Amino acid sequence: MKKVLGALLLGATIVSAFIAYSMYTNHSAKQTAAIEQKQAAKKAEKKTEKKKKPVLKVEDLTYQLKDSRTGQVMKEFKPVHYKDKDIYDQEIKQLASELAKGIDTPMQNIKMDANGSLTGGSKQIILKEAELVKNLQNLNTKQLDVKVPIYETPPNVTAASAQGIADVSLASYSTRFRPSDTSRNRNVQLSAEAINNVVLGPGDSFSYNQTVGERTAERGYQPAPEIINKQLVMGIGGGICQTSSTLFNAIDGAGLQVTARSHHSKHVGYVPAGRDATVSWGGPDFKFTNNKDYPVIIKAYANVNTGVLTVDVRTSQRSI
């Protein structure tokens, strides 16, 4: 009997344990299923959010073009044609050109006065258009500031480096004009005075139009014949191209680097063919750079009595 009761008790225990285990397993399975359902629901919700969230595009954003020197905003720019390379490249090149027109400033060269002291001069300011175009071609959605690359270069001359700068002639060139042509001669004289005693340090650039300035009656320039479209016509400042052409031949003889030069539309008599340098305010300019590792000075003399214009490029004895 005891054995029977023990067997019944053991069986009851096993059944109870099985029922308990089954209930636990079912409960755990339900919990696991519930957790998995919640996780699936969250994943689905995130996918939906991702689908709803708009994707940022360069052409939809507004960028701030900032001065590289100061960080100030120069212009706001929306690249609406960013995906159309040809149109966009044309657009940003035009933008860079327009910005440069308001920024670019030629160097105002230093001069030497009668006492040998250096006077005047101002830095060259240039917006590097190609660099700005490259920056605008590489826009992204994370950086909305665009650097506008502007560089400043002051004249590279000091009182110490200019000591004895007129001691030695590197090259000299002379041209002739008629002493009787008083109006034209006055223009030659004024332009020669404007370039006289200009000092260029190593790397300094020179612009004839910038240095001589606008040729107007208020500044003393006279009506005289000048060449336009192969014709001789009267114009204020006629004759100043003789000064620029004489200057070209002098600096070329001295080995300085010519960076901009244009020819007249017809031959001029004061220099050999192909050795002229025509200039016009708002038009062609004559430019060069001192590519030497020492400063030079330009000396210009217009003798209205003898009809001789001379330009001499000089430097110090120790420099050569």
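**Exercises on a predicted model**

Lysine 292 is placed in the loop between S14 and strand S15 (296-303); helices (H or I, at least four residues) and strands (E, at least two) are DSSP runs, numbered from the N terminus. The model is predicted: local features need pLDDT of at least 70, side-chain atom pairs count only at pLDDT 80 or more, and totals for chains, interfaces and linings use all residues. Residues are numbered from 1 along each chain as its sequence is written, and side-chain values use heavy atoms, with hydrogens and water left out.

**Exercise 1.** Describe the surroundings of lysine 292.

*Solution.* Step 1: lysine 292 has a relative accessible area of 23%. Buried means under 20% relative accessible area, exposed over 50%, and partly exposed in between (1.4 Å probe, protein chains only); lysine 292 is therefore partly exposed.
Step 2: leaving aside neighbours within four places in sequence, lysine 292 is in contact with Pro202, Gly203, Ala254, Gly255 and Leu256 (contact means heavy atoms within 4.5 Å).
Step 3: the C-alpha atoms of lysine 292 and leucine 200 are separated by 9.7 Å, and the two residues are 92 apart along the chain.

**Exercise 2.** Determine the arrangement of the sheet that contains S14.

*Solution.* Step 1: the order S10-S14-S13 gives an open sheet of three strands with antiparallel pairing; two strands pair if DSSP finds at least two bridges between them.
Step 2: S10 and strand S13 (257-260) are the edge strands, each pairing on one side only.
Step 3: S13 and S14 are joined by three bridges, and glutamine 257 stands opposite threonine 289 in S14.

**Exercise 3.** Characterise the second largest pocket.

*Solution.* Step 1: the volume of this pocket is about 210 Å³.
Step 2: a pocket is defined on a 1 Å grid over the protein atoms alone, as an open set of points where a 1.4 Å probe fits, with protein on both sides within 12 Å along at least five of seven lines; lining residues have an atom within 4 Å of a point. Grid points are joined across faces, edges and corners, and a volume is the space filled by probe spheres set on the points.
Step 3: the lining of the second largest pocket has 14 residues, of which Pro106, Met107, Gln124, Ser207 and Lys287 lie nearest its centre.
Step 4: strand S5 (124-127), strand S10 (205-207) and strand S14 (287-289) each supply at least two residues of this lining.
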